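Subject: Structure for you, with notes

Hello,

Here is the structure I promised, with the sequence alongside. Please open it first, then read my notes below.

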Amino acid sequence: MLLAILASALAMTLIVGVRYLAASGGFALATRFRHPGLYAGLDVQIRREIGWSLASAAIYGVPAGVIAWGWANRGWTRIYADLHAWPLWYLPVSVLLYLLAHDAWFYWTHRLMHRPRWFRIAHAVHHASRPPTAWAAMSFHWIEALTGAVVIPLLVFVIPIHVGALGLVLAIMTVMGVTNHMGWEIFPSFVWRGPLGAWLITASHHQRHHEHYQCNYGLYFRFWDRLCGTDKGLGSFETPGDSPRRRVRVHAVTGGDPSRRL
C-alpha cells in the first residue's frame, strides 16, 4: 500500500510538473511570436523561475497524489465519477464554488505573504521576477507553495465535484496563473477593459500588483480587492526597449527589497 501511495504521489508530481512546463512553455512561445524581445535579458531570471516552479510542482503533487490514491482505492473525498450522481446543473455550480473558495483563500494568504516578515522569508522569491514572465506562475518559496498546495485537496473533502469539473478547475487555475504573469494581455480588450474585466483578474490587473505590491491580491476575481479597498485598477506593460530601464526604476524605488514598501 505504501508503495502504491508513493507511486501515486510521484505520478501526480510529474503531471503537475509537465502541466507547468507545457502551459508556461506554450505561453512563453506565444509571447515570443506576439511580442518578440519582451523577455530579452531575462534568461537567468527565467531559469530561476523554472527551478522554483519545478520544486513547487512536488509540493503540489505529493498531497494531490495521496488524495488521488485515497479517492480511487478507499473512497476518500467527495469527488464523483458518475455524471448523474448530482444534477447536471450542479456541474457549473461546483466549478464556481471551487473558484470562489480558492480565490478567497488565495487573497487572504497572499495578503499575509505581504506582511514584512513573511515577505522576506518567502514571498520575495516570487517578486524577484522583475518583470514576471510566463514561467513565473509557480515560482514560489516552499512555504508559499505549501499554502497554495493545500486548498484544492481540502476542498475535495468538503464540496462534491465531478472529476471532469475538477479537471476544469485545475485547467482554469493553470491558465490564469500563467497568463496573469505574461506581461501582456492575451484576451481581447473588451474582456479586460469592459464590464467583465471589472470583476475578473487578467494580466493588466495582476501587473499592477507586481508594480506596487500593496494592492490587487486576488487570483480569479476582483471581489475581495474591491471589498477590502485593495483594488488599484490596471497596471501598465513594458515594451522590450523599456524593460531594462523599468527594472532599474523598480530596484531604485525598493532598494532591491520590495518588503520596504509594505
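Start with two helices, H2 and H5. On the H2 side, Trp52, Ser56, Ile59, Tyr60 and Pro63 make the contact, and they meet Trp142, Ala145, Leu146, Gly148 and Ala149 of H5. By class, that contact has eight nonpolar residues, two polar ones and no charged ones. The two axes come within 9 Å and cross at roughly 40°. The crossing of H2 with H5 is right-handed.

Please keep in mind that this is a predicted model.

The chain has a mean pLDDT of 90. Of its residues, 90% reach 70 or more. One stretch needs care: over residues 240-262, pLDDT stays under 50. For that stretch the model has 40 contacts beyond four places in sequence. Where pLDDT is low, predicted coordinates should not be read in detail.

**Helix H7 and its two partners**

H7 covers residues 163-179. Which residues of H3 meet H7? They are Leu91, Ser94, Val95, Tyr98, Leu99 and His102. Facing them in H7 are Ala165, Leu166, Leu168, Val169, Ile172 and Met173. This contact divides into ten nonpolar residues, two polar and no charged.

H3 itself runs over residues 90-113. The axes of H3 and H7 lie 9 Å apart, and the packing angle is about 40°. An angle between 35 and 65 degrees counts as oblique, so H3 and H7 are oblique to each other. The crossing of H3 and H7 is right-handed.

The other partner is H1, residues 2-34. H1 and H7 pack at about 45°, with their axes 10 Å apart. H1 is therefore oblique to H7. H1 also passes H7 in a right-handed crossing. From H1, the contact takes in Arg19, Ala23, Ser24 and Phe27. From H7, it takes in Leu170, Met173, Thr174, Val175, Val178 and Thr179. Six of these residues are nonpolar, three are polar and one is charged.

Met173 of H7 is worth a click. Met173 is listed in the contact with H3, and Met173 is listed in the contact with H1.

**Backbone points to check**

A cis peptide bond joins Arg130 and Pro131, with omega about 0°. Pro131 sits in the loop between H4 (116-127) and H5 (142-149).

Two residues other than glycine have positive phi. For Thr77, phi is near 75°. Thr77 is in the loop that runs between H2 (43-74) and strand S1 (79-80). Is Thr77 buried or exposed? Thr77 counts as buried, because its relative accessibility is 15% and the cut-off for buried is under 20%.

Asn216 belongs to the loop between H9 (203-212) and H10 (223-228). Asn216 has 0% relative accessibility, so it counts as buried too.

Asp231 is placed in the loop between H10 and H11 (243-254).

**His162**

His162 is in strand S2, residues 161-162. At 13% relative accessible area, His162 is buried. Leaving out residues up to four places away in sequence, His162 touches Tyr80, Ala81, Asp82, Leu83 and Leu91. Leu91 is one of the H3 residues that meet H7. His162 and Pro188 are 26 residues apart along the chain, and their C-alpha atoms are separated by 31 Å.

If you open a few views, I would take them in this order:

- H7 with H3, by way of Leu91, Ser94, Val95, Tyr98, Leu99 and His102.
- H7 with H1, by way of Arg19, Ala23, Ser24 and Phe27.
- The cis bond between Arg130 and Pro131.

Best wishes

Technical notes
Residues numbered from 1 in each chain as written. Predicted model: local features only at pLDDT ≥ 70, side-chain atom pairs only at ≥ 80, totals over all residues. Heavy atoms only, no water. Axes fitted to C-alpha atoms, helices over the stretch in contact; angles between N-to-C directions. Helix = DSSP H or I, 4+ residues; strand = E, 2+ residues; numbered from the N terminus. Parallel < 35°, antiparallel > 145°, perpendicular 65-115°, else oblique. Left-handed = near helix turned anticlockwise from the far one by under 90°. Contact = heavy atoms within 4.5 Å. Nonpolar A, V, L, I, M, F, W, Y, C, P; charged D, E, K, R; others polar. pLDDT = per-residue confidence, 0-100. Buried < 20%, exposed > 50% of the residue type's maximum accessible area, 1.4 Å probe, protein only.
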